[in-house]
Amino acid sequence: MNIVYDTPLPNMKDALSCYKDISGYCGFTIYNKYYPCLTTTNEYNQILQTKNYVIPKSKVLTVSGSGEQPLFFKLFGAEHITTFDISYNSYLMTKLKTIALQTFDQAKDFNKFLDCLYDEHHLYFLKNDYQNIIQKLNKPEQNYLCNAPEKIDIFYTNRWCDLYSFTDSDYKKLRDSIKSPFPFIWTDIKNLDERLGNAKFDIIYYSNICDFLYSYTVVDILKKTQKHLNPNGKICFVTNDDDKESLLDNINQAMSYDVIHKMPERLNFYLVVVQTR
């Protein structure tokens, strides 16, 4: 069985229903399929640590997140990148960024676009200055992007996140290599295995996901993950430094592995790269 990709169509009624379940002290505590998406992150520093493991023509499976994870893996030389996320808004953010790459000729204009997303998560500037990008979305996506912010937040910004500005050379490389949106799987990570079929990857990148799951769920997911690695494939785990012992314990329970790289807390995160035996 091959991977079943999605071209998601949002349902505003469904989104509002799900969104009402999100509550918590100064933020969001429940992830669901319309969970607000970060506009930018500091994950370049995290993904940069995996650069040396991206072999030519690498096949990568990564969370979509803010859309930066697949962009940076592409920048590092990966050829085939499959993305997944529980939230439709992560899909939308990733698609907006890939469209913007082909819309703006220069890095400064793309970076300005990110500035607007970063500062205006209600999309005021998008509605007025970036219609050329919005019009390249399909109609349901356009309607959702323009109407959802009146009811719910679809993007948000974390004050701890850094805005990464692409250099001219990096931007040209991305423009030349990315011609269409990344393949996307809209699913909870607990169902990812069945959606992947028999697909295999050189790198599987789990960005902080394990921090938000029960230990027994993490162990089950990691056991299933191993079968989707090519020979000498790597699984990359990112966690908050406070959670590193729990993550390492879960990895020990789930698989036989060799630690390739273990990075202690330095930028408010902890990275472990393992290769299964």
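**Pairing, packing and burial in a predicted model**

Me: Lys-59 has His-80 in β3 as its bridge partner. What makes strand β2 and β3 a pair?

Reply: Strand β2 (residues 59-63) and β3 are joined by five bridges in the parallel sense, and because DSSP needs to find at least two bridges for two strands to pair, these five qualify them as a pair. The structure is a predicted model, in which local features need pLDDT of at least 70 and side-chain atom pairs count only at pLDDT 80 or more, while totals for chains, interfaces and linings use all residues. Residues are numbered from 1 along each chain as its sequence is written, and side-chain values use heavy atoms, with hydrogens and water left out.

Me: Why is β3 described as largely enclosed by the rest of the structure?

Reply: Five of the six residues of β3 (residues 80-85) are buried (under 20% relative accessible area; exposed is over 50%, partly exposed in between, with a 1.4 Å probe and protein chains only), so the strand is largely enclosed. Across the 277 residues of the protein, 53% count as buried.

Me: What makes β5 and β8 edge strands?

Reply: The open sheet has seven strands in the order β5-β3-β2-β6-β7-β9-β8, with mixed pairing. Within this order β5 (184-186) and β8 (257-263) each pair on one side only, and they are the edge strands. From one strand to the next, the twist averages 15°.

Me: Is Thr-276 buried or exposed, and which residues are in contact with Thr-276?

Reply: The relative accessible area of Thr-276 is 18%, which falls under the cut-off of 20%, so Thr-276 is called buried. Leaving aside neighbours within four places in sequence, its contacts (heavy atoms within 4.5 Å) are with Gln-226, Leu-229, Gly-233, Ile-235, Met-255, Ser-256 and Tyr-257.

Me: Why is α3 called oblique to α4?

Reply: Helix α3 (residues 68-75) and helix α4 (residues 88-103) pack with their axes 9 Å apart and at an angle of about 45°. That angle makes α3 oblique to α4, because roughly parallel is under 35 degrees, roughly perpendicular 65 to 115, roughly antiparallel over 145, and the rest is oblique. In this contact, Glu-68, Pro-70 and Leu-71 of α3 meet Thr-94, Lys-97, Thr-98 and Leu-101 of α4; by class, the contact has three nonpolar, two polar and two charged residues.

Me: Which residues of α11 are buried, and what covers them?

Reply: In helix α11 (residues 215-225) the buried residues are Thr-217, Val-218, Val-219, Ile-221, Leu-222 and Thr-225. Their cover includes β6 (201-207), β7 and α12. Helix α12 (residues 244-254), for its part, lies across β7 (229-239), β8 and β9, running at about 155° to β7.

Technical notes: Axes are lines fitted to C-alpha atoms, for helices over the stretch in contact, and angles run from 0 to 180 degrees between N-to-C directions. Helices (H or I, at least four residues) and strands (E, at least two) are DSSP runs, numbered from the N terminus. Ala, Val, Leu, Ile, Met, Phe, Trp, Tyr, Cys and Pro count as nonpolar, Asp, Glu, Lys and Arg as charged, and the others, Gly among them, as polar.
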